[in-house]
Amino acid sequence: MSDFVPGIELSRAFYAEVVAPLVERVPHSAALIGPGSEVLAFDTGRSADHDWGPRVLVFVEPERVEQVEAQVLAGLPDRFRGLETVFDYHGARRPGVVVADLRAWLVERLGFDPRGGVSLLDWLSVPWQSLAEVTLGEVFHDGLGGLEEARAALRWYPGDVWRYVLACQWRRIAQEEPFPGRSGEVGDELGSAVVGARLSREVMRLALLLRRRYPPYAKWLGSALARMPGSTELGESLGLAVAARSWREREDGLAAAYRRLAALQNRVALAEPQDERVRDFHDRPFRVIGGDRFVQALLGSVSDPVIKGLPVVGCVDQLSDSVDLLLEPRRARAVTAAALGLGA
């Protein structure tokens with residue numbers, strides 16, 4: 001693993017040295033985007049044991065896809081920098097170069113082409129992981145045009161959509177924040193630990209959203225938080241909460257995390273500032289931040305009447321954890337439309 005080269009660097013060189021000469025006469029765009037830990041720059045030497053190698057997506061006009069694909073396959077060397085250029089990827093053996101029509105690729109990944117505009121349902125039905133996979137990675141060449149336009153359209157939520165998603169994330173915290181203490185009080189330390197871990201995840205996702213970062217799926221959530229500037233103390237607080245052996249220690253860690261999260265919310269200034277101190281849950285001795293205060297402040301700052309009228313349930317990631325739902329745009333779109341009362 002000491003000789004590991006990050007996939008983004010490998011693919012950049014692969015395009016420049018191998019792929020670009022093969023397609024230089026064809027108007028095209030080329031990038032490393034879509035699925036893969038290397039797209040989010042989370043790959044390590046361990047990643048190279050499967051679904052990993054020199055990869056490039058080449059986008060051409062739809063009528064030229066088959067011709068360019070044959071041209072590339074005919075010219076690919078067997079190896080690049082000691083690695084096979086045809087390798088196992090997601091259960092099938094295929095070349096590291098995929099030739100596609102940009103619009104068809106976007107629709108397959110997202111359910112729509114963002115170059116034609118992004119509707120409210122579009123924004124709320126695409127999982128954070130998919131949004132990250134399209135907007136991160138790297139574009140090596142955009143000679144065809146349109147790829148950078150599509151990425152720019154999805155770079156981040158419009159203001160009122162952002163406020164709504166943040167409000168829904170605060171609601172997820174508000175719904176369970178007294179439960180670690182209540183479970184622990186009756187001697188259910190296991191139940192308290194489970195709820196504490198759930199709340200820690202919601203805090204992590206909210207912190208990333210506040211810093212304009214799409215939260216990745218579970219495997220990379222902690223890594224994403226650790227890379228976020230200013231996240232060290234928040235991470236330490238959550239670490240204490242997750243590692244706690246008693247509900248009171250768990251509550252101490254969560255309370256410290258809530259205070260930092262509230263301060264971050266106020267600094268972002270999307271809504272009226274709220275008191276950053278934790279408080280008792282009604283007349284019970286369980287410390288909470290009172291997440292619904294932030295929900296109401298954020299929704300009160302929304303100007304779009306359609307968004308203002310939505311139920312506080314959120315985007316598809318806040319509606320479901322099912323991978324089989326999140327990876328299928330049509331299902332994700334149908335569920336989101338039904339939950340929010342929006343036309344599909």
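**Labels and the values behind them**

Modeller: Helix 11 is a place to begin: its face turned away from the buried side carries the exposed residues Thr 232, Glu 236, Leu 240 and Ala 243. Keep in mind that this is a predicted model.

Biologist: Which residues of helix 11 are buried, and what covers them?

Modeller: Leu 234, Ser 237, Leu 238 and Ala 241 are the buried ones. The cover includes helix 9 (189–210), helix 10 (218–227) and helix 12 (247–268).

Biologist: How do you know that the length of helix 11 agrees with its number of residues?

Modeller: Helix 11 (residues 232–243) has 12 residues, which at 1.5 Å a residue should span 16 Å; the end C-alpha atoms are 16 Å apart, so the two agree. For helix 12, with 22 residues, the first and last C-alpha atoms are 31 Å apart, close to the expected 32 Å. Just after helix 12 comes Ala 269, with a positive phi of about 60°.

Biologist: Why is Arg 212 called partly exposed?

Modeller: Its relative accessibility is 49%. Arg 212 sits in the loop between helix 9 and helix 10, and its phi is near 60°, a positive value in a residue other than glycine.

Biologist: And why does His 282 count as exposed?

Modeller: Exposed means over 50%, and His 282 has 67% relative accessibility, so it counts as exposed. His 282 is in the loop between strand 9 (279–281) and strand 10 (284–288). Its phi, near 55°, is again positive in a residue other than glycine.

Biologist: What makes strand 7 and strand 8 the edge strands?

Modeller: The open sheet has four strands in the order 7-2-1-8, with mixed pairing. Strand 7 (97–100) and strand 8 each pair on one side only, and are the edge strands. Neighbouring strands of this sheet are turned by 20° against each other on average, direction ignored.

Biologist: How do you know that strand 1 and strand 2 pair?

Modeller: Pairing takes at least two bridges, and strand 1 and strand 2 (residues 56–59) have three, in the antiparallel sense. Ser 29 has Phe 59 as its bridge partner in strand 2, and Ala 31 stands opposite Leu 57. Strand 1 is also joined to strand 8 (residues 138–142) by four bridges, again antiparallel; there the partner of Leu 32 is Glu 138.

Biologist: Which way do the residues of strand 1 point?

Modeller: Ser 29 and Ala 31 point one way, Ala 30 and Leu 32 the other, and all are buried. Helix 1 (residues 7–23) lies across strand 1, strand 2, strand 7 and strand 8, at about 15° to strand 8.

Biologist: Which residues touch the most other members of the largest nonpolar core?

Modeller: Among its 99 residues, they are Tyr 157, Tyr 164, Val 165 and Trp 170. Leaving out residues up to four places away in sequence, Val 165 touches Leu 124, Trp 128, Tyr 157, Leu 209, Cys 315 and Gln 318.

Terms used. Residues numbered from 1 in each chain as written. Predicted model: local features only at pLDDT ≥ 70, side-chain atom pairs only at ≥ 80, totals over all residues. Heavy atoms only, no water. Buried < 20%, exposed > 50% of the residue type's maximum accessible area, 1.4 Å probe, protein only. Helix = DSSP H or I, 4+ residues; strand = E, 2+ residues; numbered from the N terminus. Expected span 1.5 Å × (residues − 1). Contact = heavy atoms within 4.5 Å. Axes fitted to C-alpha atoms, helices over the stretch in contact; angles between N-to-C directions. Core = buried A, V, L, I, M, F, W, Y, C linked by side-chain atoms within 4.5 Å.
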